[in-house]
Amino acid sequence: MSDLIALKHLSVEDIRAILNRAQEFIQYPIDYSDRLKNQFVVNLFFENSTRTRFSFEVAEKKLGANVLNFQDTYSSMSKGETLYDTLKTIEALGVGAAVIRHSQNGILFDLKEKLNIKLINAGTGTEEHPTQALLDILTMQQEFGQIEGLKVAIIGDLQHSRVARSNFYGLKKLGAEVIFSGPEEYRPVDEELRKGSTWLPIDDAIGEADVVMMLRIQVERHKERGLVMSQSEYHQRFGLTEQRARFMKKNSIILHP
């Protein structure tokens, strides 16, 4: 079992190996319940989640793991224990892996250097959400047969989207062209994302793309300066309306994280 923290730091070979293994699970739906037999996995979600949280738990149980679900309000963290202290305790109990969702950027990289327990990123801050991107890329591969040469438009609140970042790194490594679009105010600030992508007006982006990926506004990450427009105004200017959908290529697909 290995860490999975960011697609930015995975090799092309590692990404392809994960996608191939996932496809094997789909094509050959045999009993995989011995893969993590006698292994303990803990889920630590410090941000609200439905799909990611339960997707992990279902997958862990299908692979035969013993699953622990952590709640910070009922733990020693409510008395001042740090996340490092918590994970060190869990590690000492023989737990092999921790799935973590957290609002703080960089936290998993800091912890990785101090712990032996394997860390899996279920979404950190505005940083990355690698398993969501791997699922997106697998979907594209199933639809088109390969990723190389695809044009993928990622549209919306790019500045605050960890899904956009993970998809950018994974898609670029596999040879896709990434197109960004959305409000100018929510454009990525990362120099690597700006230089490695094409920025187009939304109608042009939708017309160019093989894959149109729509992002929601990350309302919870706009606390400091507030939203630059209302949800209804955002939908009219940057949503995938029926009128805009008519610009899409015949065989293009829509993804939504």
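**Exercise 1. Find how many bridges join strand E3 to E4, and how the two strands run.**

Start with the naming: helices (H or I, at least four residues) and strands (E, at least two) are DSSP runs, numbered from the N terminus. Strand E3 covers residues 97–102, and five bridges join it to E4. Strands count as paired if DSSP finds at least two bridges between them. E3 and E4 run parallel. For one spot to look at, Ala-97 stands opposite Lys-118 in E4. Next, follow the chain: it goes from E3 through helix H4 (residues 107–112) to E4, a right-handed β-α-β crossover. Right-handed here means that, with the strands pointing away from you, the path from the first strand over the helix to the second runs clockwise.

Before you go on: this is a predicted model, where local features need pLDDT of at least 70, side-chain atom pairs count only at pLDDT 80 or more, and totals for chains, interfaces and linings use all residues. Residues are numbered from 1 along each chain as its sequence is written, and side-chain values use heavy atoms, with hydrogens and water left out.

**Exercise 2. Work out which residues of H5 are buried, and what they pack against.**

Buried means under 20% relative accessible area, exposed over 50%, and partly exposed in between (1.4 Å probe, protein chains only). In H5 (residues 130–144), the buried set is Pro-130, Gln-132, Ala-133, Leu-134, Asp-136, Ile-137, Leu-138 and Met-140. Their packing partners include helix H1 (12–27), helix H6 (162–173) and strand E4 (118–124). E4 itself is mostly covered, with six of its seven residues buried. Now step off the end of the helix: just after H5, Gly-145 has a positive phi of about 90°.

**Exercise 3. Decide whether Lys-173 is buried, partly exposed or exposed.**

Find Lys-173 in helix H6. Its relative accessibility is 27%, so Lys-173 counts as partly exposed. Then check its contacts (heavy atoms within 4.5 Å): leaving aside neighbours within four places in sequence, Lys-173 touches Leu-7, Lys-8, His-9, Leu-10, Val-12 and Ile-15.

Methods. The expected span of a helix is 1.5 Å times one less than its number of residues.
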